[in-house]
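I opened a new page in my notebook to go through one protein model step by step. I wanted to write down what I looked up and in what order.

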Amino acid sequence: LSTVIGIVVGIVLVVGAIFLGGNAVIFLSLQSIMIVLGGTLAGTSVSFSISDLKKMPSLLKISFTDNDIDSDNIIEILVNLAKKARREGLLTLEQDIEEIDDPYLEKGIQLVVDGTEPELVKDIMETRLAYMESRHSRGKAIFDKMGQLSPAFGMIGTLIGLIQMLSELDDPSKLGAGMAVALITTLYGAFMANLFFIPLANKLKVKSEEEILIKELMIEGILSIQAGENPRIIEEKLQAFLAEEQPGKEASEEQVDTSRVVGENA
């Protein structure tokens, strides 16, 4: 929702400022759009493979949707598995593997049930995590590159406009058109980069960090289950792990606890 709100508010404010300044039609230039948008897309296609570019629709979808990963639910699943493993043994967890929705967590529990050594379990899970992180970084790199290229092609459009303007110095009536292209392309390039491409790249980075954090939490929980730790200790450890990585969550939880205590005292 924040992505949609930010883009809409940005467009409304910029377009509104243009209309308040007078004639808005002068800011429309097909030539400038062709240079900036066409050049940006062309430069991006040169920088990445077709398989990478095919992922752009899914990357946009990720940017405009919330992560459906519930950290509290993951912790609850791990604690329940720890209770069962401590009570009935690790092999009994095989019955619960099919009920786990997350493929990453499912793989980790399967390794534990198969009797894989803890160090090897950690190495396998971290390798899969590193691959996922690399895949995410390539998606982010596409929008980073577009954020770099659009201002650059805006500058190229400026140079084109200046050249056209200087070539027509003997005809003052044509100077305005060349100057308009020179300035509007720079505007388009800066606008696209700072409202679309760079923010979307940053949004993908934030979402990737959130998912990596959850995967690291899963690794910690899986190794704790394999070590036979007390389920209550595992829950405390995972909650503390999240609170350490997300200070805001810890503060909100402390505030809730304080409110509860105050209410009880009252």
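**Entry 1: ground rules.** I first noted that this is a predicted model, in which local features need pLDDT of at least 70 and side-chain atom pairs count only at pLDDT 80 or more, while totals for chains, interfaces and linings use all residues. I also wrote down that residues are numbered from 1 along each chain as its sequence is written, and that side-chain values use heavy atoms, with hydrogens and water left out.

**Entry 2: the overall fold.** I then checked burial, where buried means under 20% relative accessible area, exposed means over 50%, and partly exposed lies in between (1.4 Å probe, protein chains only). Of the 266 residues in the protein, 35% are buried.

**Entry 3: helix α2.** I picked helix α2, which covers residues 30-47 and has 18 residues. From its first C-alpha to its last it reaches 25 Å, close to the 26 Å expected at 1.5 Å a residue; the expected span is 1.5 Å times one less than the number of residues. Which residues of α2 are buried? I found Ser-32, Ile-35, Val-36, Gly-39, Thr-40, Gly-43 and Thr-44. Leu-30, which is also placed in helix α2, counts as exposed because its relative accessibility is 63%. I noted as well that Leu-30 and Val-181 are 151 residues apart in sequence, yet 9.4 Å apart in space from C-alpha to C-alpha.

**Entry 4: salt bridges.** I counted a salt bridge where a side-chain nitrogen of Lys or Arg is within 4 Å of a carboxyl oxygen of Asp or Glu, and the structure holds eight of them. In one of these, Asp-96 pairs with Lys-84, and the closest N and O atoms are 2.8 Å apart. This pair links distant parts of the chain, with Asp-96 in helix α6 (residues 94-97) and Lys-84 in helix α5 (residues 71-88), twelve residues apart. Asp-96 and Lys-84 are both buried.

I next followed Asp-102, which forms a salt bridge with Lys-215 at 3.9 Å between the closest N and O atoms. Asp-102 lies in the loop between α6 and α7 (103-113) and Lys-215 lies in helix α9, so the pair ties together parts that are 113 residues apart in sequence.

**Entry 5: surface patches.** Patches are made of residues with over 30% relative accessible area and no salt bridge, joining like charges within 9 Å and nonpolar side chains (Val, Leu, Ile, Met, Phe, Trp, Tyr) within 5 Å. One patch of negative charge gathers Asp-66, Glu-119, Asp-123, Glu-126, Glu-133, Glu-209, Glu-210 and Glu-216 on the surface. Where does the largest share of this negative patch come from? It comes from α8, with four residues. Glu-133 is placed in helix α8 and is partly exposed, because its relative accessible area is 41%.

The nonpolar surface patch of about 380 Å² is made by Val-4, Val-8, Val-12, Leu-60 and Phe-64. Helix α1 (residues 2-20) gives the most to this patch, with three residues. Val-12 lies in helix α1 and counts as exposed because its relative accessibility is 53%.

Entry 6: I ended with Leu-149 in helix α8, which is buried because its relative accessible area is 18%. The C-alpha atoms of Leu-149 and Ala-42 are separated by 9.7 Å, although the two residues are 107 residues apart along the chain. Ile-222 lies in helix α9 and counts as buried because its relative accessibility is 1%.

Notes: Accessible areas come from the Shrake-Rupley method with a 1.4 Å probe; for residues, only the protein chains shown count as cover. Lys and Arg count as positive and Asp and Glu as negative; His and the chain ends are not counted. The place of a charge is taken as NZ of Lys, CZ of Arg, CG of Asp or CD of Glu. Helices (H or I, at least four residues) and strands (E, at least two) are DSSP runs, numbered from the N terminus.
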